[in-house]
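Dear colleague,

Please find below the structure that I am handing over to you, together with its sequence.

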Amino acid sequence: MAQTVRDLGGIDILVNNAQTSSLGSILDVTDEAFTACWESGPLAAFRLMKACHPHLRPGSVIINLGSSTSVNPLPAGRGVYAAAKAATATLSRVAASEWGPEGIRVLTVLPAATSPSAEAWREANPAEYQRSMSSIPLRRLGDAEREIGPVVAFLCGPAAAYVTGTTIAVDGGQAYLR
């Protein structure tokens, strides 16, 4: 961060995307896996947002990646992960409210994208994976680079300068069309 601030004079965009998944029923998830999920998700986003705040300028934007799992009415086998992502979305709304007067926008994006984690889930739980795919109106996961990234780039640009404090699903219609 120090080098970025030194080289660029501040921070315009922060995207919090890293997150460890803790899959399994609540009874199956260990305390260690639960802690890793929360530390790598909402706690990491919280810490990085606070560390960046002094270097954010009016017009800066923070995008926190959430998950459609957090709004799924029955996230069986993904409850701990869903809870962590819901916490991240709440953190985003609060930061948008607190930092909006400074001209800093904060948003949550709910992607449903192909990833190594999604592939591991598909291999470990093929029936659950197929059930989830059938709940997506477009019947597939999105491509992170071609379909999710451009939405995030748009949200960071001037055309979205009046968008803050909200959650935007980029998930083939899964989150809100249940």
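**Findings on side chains**

At a relative accessibility of 32%, R122 counts as partly exposed, a class that lies between buried (under 20% relative accessible area) and exposed (over 50%), computed with a 1.4 Å probe on protein chains only. Please note that this is a predicted model, in which local features need pLDDT of at least 70 and side-chain atom pairs count only at pLDDT 80 or more, while totals for chains, interfaces and linings use all residues. Residues are numbered from 1 along each chain as its sequence is written, and side-chain values use heavy atoms, with hydrogens and water left out.

**Salt bridges**

R122 forms a salt bridge with E119, and their closest N and O atoms are 2.6 Å apart. The term denotes a side-chain nitrogen of Lys or Arg within 4 Å of a carboxyl oxygen of Asp or Glu. By this rule, the count is 4 salt bridges. R122 and E119 are 3 residues apart in helix α4 (residues 116–124), so about one helical turn separates them. Helices (H or I, at least four residues) and strands (E, at least two) are DSSP runs, numbered from the N terminus. E119 is likewise partly exposed, with a relative accessibility of 29%.

Another salt bridge joins R57 to D12, with the closest N and O atoms 2.8 Å apart. This pair links distant parts of the chain, 45 residues apart: R57 belongs to strand β2 (residues 56–65) and D12 to strand β1 (residues 11–16). R57 is partly exposed, at 28% relative accessible area, and D12 is also partly exposed, at 41%.

The side chains of R140 and E147 also meet in a salt bridge, with an N to O distance of 2.8 Å. R140 has a relative accessible area of 39% and is partly exposed; E147, at 26%, is partly exposed too.

**The aromatic pair**

How many aromatic pairs does a search of the whole structure find? The search finds 1. The ring centres of F34 and W38 are 5.7 Å apart and their planes stand at 20°, so this pair is stacked. For such pairs, the rings of Phe, Tyr and Trp (its six-membered ring) must have centres within 6.5 Å; planes under 30 degrees apart count as stacked, over 60 as edge-to-face and the rest as tilted. F34 and W38 are separated by about one helical turn, because they lie 4 residues apart in helix α2 (residues 31–52). Both are partly exposed, F34 with a relative accessible area of 37% and W38 with one of 26%.

**Two serine residues**

S40 lies in helix α2 and counts as buried, at 18% relative accessibility. Its side chain has a polar atom 2.8 Å from the backbone nitrogen of T20, and a polar atom of the S40 side chain lies 2.9 Å from the backbone oxygen of A36. Setting aside neighbours within four places in sequence, S40 is in contact (heavy atoms within 4.5 Å) with A18, Q19 and T20.

Leaving aside its neighbours within four places in sequence, S92 is in contact with N64, V106, L107 and T108.

Yours sincerely

Definitions and conventions
Polar contact = N/O pair within 3.5 Å; in protein donor to acceptor, adjacent residues only side chain to side chain.
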